[in-house]
Amino acid sequence: MNHQTVAYNPSQRKDVLLIVLRRILAVILAIVFIVLLLATLLLATVNSTVLDAGFIKGELRKEKMYSFLLNEGVSDVVQSQVELPADLPFTKDDLSSLAPKLVPSDWLQAQTEKAIDALVPYITGERDSFTITIDLHDRVSEDLGVLREWVRDRNAKTNFAAVDGREIL
């Protein structure tokens, strides 16, 4: 039997400890750098998508959000949040069906995109303030026409023209 005798050398133990320490430090640094890389990629993605007005507007168009809001969103809000007095000659369903006529999706899209264009530079820090202006002048005249037509149709169907002695529109 051959036995090899190994002499104890304190410097060898020190070298082994340094190697183990370097490997542990390398693993810790690798984890830190991977986390930083992922955070940087996440921030770059957010910056190029969520903080980009063109991306937001494109996604809203692609998902047909404007027509969804007018057709289903308004209906849900009216049904759950609006309380109508009993003496009114219209129902929640009437309000829900009027919403897409009173606020067309094209108009809602144009106003929303103007607001996004004003708001995104503020959020990203490019501007110190923002202003959102919604011109209702054109909508009011068109909406009055829609309401008058609705009341005429309604009067023809239900034979009423006044509420509490006042003519409707």
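Asp143 touches Lys101 and Leu102, leaving aside residues up to four places away in sequence; touching, or contact, means heavy atoms within 4.5 Å. Asp143 sits in helix H6, residues 137-158. With 15% relative accessibility, Asp143 counts as buried, where buried is under 20% relative accessible area, exposed is over 50% and partly exposed is in between (1.4 Å probe, protein chains only).

A quick word on what you're looking at: this is a predicted model, where local features need pLDDT of at least 70, side-chain atom pairs count only at pLDDT 80 or more, and totals for chains, interfaces and linings use all residues. Residues are numbered from 1 along each chain as its sequence is written, and side-chain values use heavy atoms, with hydrogens and water left out.

## The overall layout

The protein has six helices and two strands. Helices (H or I, at least four residues) and strands (E, at least two) are DSSP runs, numbered from the N terminus. Along the sequence, the order reads α-α-α-α-α-α-β-β.

Of the 169 residues, 18% count as buried. Among contacts in the protein with a separation of 6 or more, 57% are between residues 24 or more positions apart.

## H2 against H5

Helix H2 (residues 53-62) packs on helix H5 (residues 105-123) at about 155°, with the axes 9 Å apart. That angle makes H2 roughly antiparallel to H5. For reference, axes are lines fitted to C-alpha atoms, for helices over the stretch in contact, and angles run from 0 to 180 degrees between N-to-C directions. Under 35 degrees counts as roughly parallel, over 145 as roughly antiparallel, 65 to 115 as roughly perpendicular and the rest as oblique.

From H2, the residues that meet H5 are Ala53, Ile56, Lys57, Leu60 and Arg61, and on the H5 side they find Gln109, Thr112, Glu113, Ile116, Asp117 and Val120. Sorted by class, this contact has five nonpolar, two polar and four charged residues. The nonpolar class is Ala, Val, Leu, Ile, Met, Phe, Trp, Tyr, Cys and Pro; Asp, Glu, Lys and Arg are charged, and the others, Gly among them, are polar.

## H3 against H5

H5 also packs with helix H3 (residues 65-81): their axes come within 9 Å and cross at roughly 120°. H3 and H5 are therefore oblique to each other. Tyr66, Ser67 and Leu70 of H3 make the contact with Ser105, Leu108, Gln109, Thr112 and Glu113 of H5.

## H4 and its cap

Ser96 is one of the buried residues of helix H4 (residues 92-102), along with Asp94, Leu98, Ala99 and Leu102. Thr91 caps the N-terminal end of H4, with a side-chain oxygen 3.3 Å from the backbone nitrogen of Asp93.

Now for Lys64, in the loop between H2 and H3. Lys64 isn't a glycine, yet it has a positive phi of about 55°. At 60% relative accessibility, Lys64 counts as exposed.

Terms used:
A polar contact is a pair of N or O atoms within 3.5 Å; within protein, one must be able to donate a hydrogen and the other to accept it, and residues adjacent in sequence count only if both atoms are side-chain atoms.
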